Amino acid sequence: MKLAIIGTGYVGLVTSAVFADFGNQVVGVDIDAQKIKTLKSGQTPFYEPGLSDLLIRNQKTGRLEFTTDYAKAIPDADVIFICVGTPSDNQGRANLEYVFAAARSLAPLLKNNAVVVIKSTVPPGTHLKVKQIIDKVSKNHYFLASTPEFLREGSAIEDTLHPDRVVIGADDRFARETLLDLHRPINGKRILTDIISAQLIKYAANAFLASKISFANEVARLCDAYSADVMRVMEGIGEDKRIGKAFLHPGIGYGGSCFPKDVKAVLAFGREKQVNLNVIKGAHLTNQTQVDYLINKIKATIGSLKKVRVGVLGLAFKGNTDDIRESRALILIEKLIAEKALVHAYDPMAADNVKKFYPNLDINYHPSWQEVANQSQILIIATDWNEFKELDLKQLSRISKIRYIFDGRNILNPDKVKQAGFEYVGIGR
Ligand SMILES: NC(=O)c1ccc[n+]([C@@H]2O[C@H](COP(=O)([O-])OP(=O)(O)OC[C@H]3O[C@@H](n4cnc5c(N)ncnc54)[C@H](O)[C@@H]3O)[C@@H](O)[C@H]2O)c1
């Protein structure tokens, strides 16, 4: 099939690369000329394991091209995926201006019977507004559909090839059959539904996963209060198949480009219909206070943070990515700076992004955890990179004067940390 993918961010690029690899003819479109230039030169604008090889391979075969010009992508496309961002607006709602702009740009160029698929995460009913925009200018008949995306950054290719499920929201047979055909090489159960239910599946999934994380964090607070070990408690409940083990890992809260904004968006479109979402609201509130929870534990342990040299390991919102959107590590650092601490930090991938997007954040950057440790009086683990899970504690005690390790991701073994001569403070253990 001939595909146009609008928006070459995480979702759009991975979608482009994977569908081109299956033999489709794919054109990726973005308004960001710099990004398109980078892609055309064979580089990848962000770090995602395996993506670079896939992009280069498919560009070489000629099956994958990039452009800023809609007219080079839309007129031939059988299927068009809208994959632009839907960030929060200042009231927590999904900002749909990019989706609507994409709809305006593609509308005059659609061929007859093209299928326009919204892959961006959008509130229920957004496709009706997209339809109004397209109907104003398109003379041709077209179909609308929704295939929400569930990939995780850091394992995006694997998740796209082997998803648990593929949700196809379509209100017409032709669109449904076309999308079933296109997704044939991809594993996973098919969930066939109407467009609005597909849109809600995405928000319900993210709100549920965010709630699991906040639930684990609340139980961690209980464990701290009663001197229990939250990791054992989570293992004890996670083995129950009705509950499941995933997303029950306590820490300083969820961040990233999806959970925080999608939770806020659900609350906002719930409010619009006077639906009170107490569970989801609670998940949001717990997350909002989880970094403070760690800061308070640190202050309860060492006293004031004023002029304390604090080593922070991790800047990305999670391991295996250089994405810093809504990263709890950065919120932690902002709060440490507000407490007048002196912050030293290292991240295997994300430091350049922090320097670029937060040039005024007063961080002393280092090229390794060892150098951070060497400069710091206390150490905080803020991101769950594998490199930090396997921290060489013997080396740490040799090269630093650190006494306290605050494990904001509960990734170290407290016994081993203590055996190595440090004091260990985790979340709920
Ligand atoms: N990143 C994830 O892990 C993930 C996972 C599932 C779903 N999603 C959802 O997918 C959507 C995209 O997320 P992302 O992380 O890929 O976003 P992103 O910010 O990485 O990329 C969006 C891209 O769209 C481009 N763009 C904006 N307006 C445009 C227009 N009018 N025409 C063409 N290009 C335009 C931007 O320049 C940018 O390159 C969001 O709704 C997000 O919630 C993201």
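In the predicted model, 14 residues of domain 1 are in contact with 14 residues of domain 2, two residues being in contact if their C-beta atoms, placed from the backbone, lie within 7 Å. On the domain 1 side, the residues that touch domain 2 comprise seven nonpolar, five polar and two charged residues. In this classification Ala, Val, Leu, Ile, Met, Phe, Trp, Tyr, Cys and Pro count as nonpolar, Asp, Glu, Lys and Arg as charged, and the others, Gly among them, as polar. Domain 1 covers residues 2-193 and domain 2 covers residues 208-425, with bounds that come from an automatic or database domain assignment. A separation of 33 Å lies between the C-alpha centres of domain 1 and domain 2.

Residues are numbered from 1 along each chain as its sequence is written. Because the model is predicted, local features need pLDDT of at least 70 and side-chain atom pairs count only at pLDDT 80 or more, whereas totals for chains, interfaces and linings use all residues.

The ligand has 27 residues around it, of which Gly7, Gly9, Val11, Gly85 and Ser120 come nearest; a residue is near a molecule or strand if its C-beta atom, placed from the backbone, lies within 6 Å of it. By class, this shell holds 12 nonpolar, 10 polar and five charged residues. At least two residues of the shell are supplied by each of helix H1 (10-21) and helix H4 (97-106), and the largest share, four residues, comes from H4. Helices (H or I, at least four residues) and strands (E, at least two) are DSSP runs, numbered from the N terminus.

Helix H1 also packs against helix H3 (residues 51-61): their axes come within 9 Å and cross at roughly 50°. H1 is therefore oblique to H3, given that angles under 35 degrees count as roughly parallel, over 145 as roughly antiparallel, 65 to 115 as roughly perpendicular and the rest as oblique. Axes are lines fitted to C-alpha atoms, for helices over the stretch in contact, and angles run from 0 to 180 degrees between N-to-C directions. H1 passes H3 in a left-handed crossing, a term used if the near helix is turned anticlockwise from the far one by less than a right angle, with right-handed used if clockwise. Leu13, Val14, Ala17, Ala20 and Asp21 of H1 make this contact with Leu51, Leu54, Leu55 and Asn58 of H3. The contact residues divide into seven nonpolar, one polar and one charged.

Helix H8 (residues 195-226) and helix H9 (residues 230-238) pack at an angle of about 130°, with axes 9 Å apart, which means that H8 is oblique to H9. The crossing of H8 past H9 is right-handed. Ala216, Val219, Ala220 and Cys223 in H8 meet Val230, Val233 and Met234 in H9, and the residues of this contact are seven nonpolar, no polar and no charged.

The axes of H8 and helix H11 (residues 278-302) come within 8 Å and cross at roughly 50°; H8 and H11 are therefore oblique to each other. Their crossing is left-handed. Residues in this contact include Ala207, Ser214 and Arg221 of H8 and Val279, Gly282 and Tyr293 of H11. By class, the contact of H8 with H11 has six nonpolar, seven polar and two charged residues.
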